[in-house]
Amino acid sequence: MTELIARELREVLTMFLCGATVMMLFGVRDNIIKRLNIRRAAEVFAHILSWICAAFLFSEFLYKASYGILRWYEVAAFVTGMLLWKSMICDKILLSIGMRKWDNTEDKEKREYEQKKKKKNKSS
């Protein structure tokens, strides 16, 4: 493998990991907003802060990959990293650590419905 091909592959891998990292950042932001039940101005602030962090990460990864020169295949690698993080990695991590169980709004609604049903049956 020539030095040029090795360098280009390293750049593509770096930008792929950048895309995955940015999506991980957005996932953490969404989890924090959901867990802390943040609304309105604080939510807008969290979104702006996450986009600033994503821009910083993108610029740092881009500088590390090719000293700030953006090529079409690096953009493709970045987008691929974002898509694969969301579709393959993130879903498997969420299922493996049981985060779906933490979001128990449906369970809470079912319990409330059952309690109302029991009260209705007792009063009848």
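1. The buried side of α1. Helix α1 buries Glu-8, Glu-11, Thr-14, Met-15, Cys-18, Gly-19, Ala-20, Val-22, Met-23, Phe-26, Arg-29 and Ile-33. Buried means under 20% relative accessible area; exposed means over 50%, and partly exposed lies in between (1.4 Å probe, protein chains only). Helices are DSSP runs of H or I with at least four residues, numbered from the N terminus. An α-helix has 3.6 residues a turn, so residues three or four places apart point the same way.

2. What you are looking at. This is a predicted model: local features need pLDDT of at least 70, side-chain atom pairs count only at pLDDT 80 or more, and totals for chains, interfaces and linings use all residues. Residues are numbered from 1 along each chain as its sequence is written, and side-chain values use heavy atoms, with hydrogens and water left out.

3. Length of α1. The helix covers residues 3-36, which is 34 residues. At 1.5 Å a residue it should span 50 Å, and its end C-alpha atoms are 49 Å apart, so the two agree. The expected span is 1.5 Å times one less than the number of residues. Just after α1, Asn-37 takes a positive phi of about 55°.

4. The core. The largest nonpolar core has twelve residues, among them Met-15, Phe-26, Leu-62, Phe-78 and Trp-85. Such a core is a set of buried Ala, Val, Leu, Ile, Met, Phe, Trp, Tyr and Cys residues joined through side-chain atoms within 4.5 Å. Two or more residues come from each of α1, α2 (41-66) and α3 (72-97). Helix α1 gives the most, with six.

5. Phe-26. Leaving out residues up to four places away in sequence, Phe-26 touches Ser-50, Trp-51 and Ala-54. Contact means heavy atoms within 4.5 Å.

6. A pair across the sequence. Glu-11 and Arg-71 form a salt bridge, 2.9 Å from N to O. Glu-11 lies in α1 and Arg-71 in the loop between α2 and α3, so the pair ties together parts 60 residues apart in sequence. A salt bridge is a side-chain nitrogen of Lys or Arg within 4 Å of a carboxyl oxygen of Asp or Glu. The count comes to five.

7. Arg-7 pairs with Glu-8 at 3.4 Å. Arg-7 is partly exposed at 34%, while Glu-8 is buried at 17%. Arg-71 is partly exposed at 24%. Its salt bridge with Glu-74 has closest N and O atoms 3.6 Å apart. Glu-74 is buried at 0%. Shared partners join Arg-7, Glu-8, Glu-11, Arg-71 and Glu-74 into one network.
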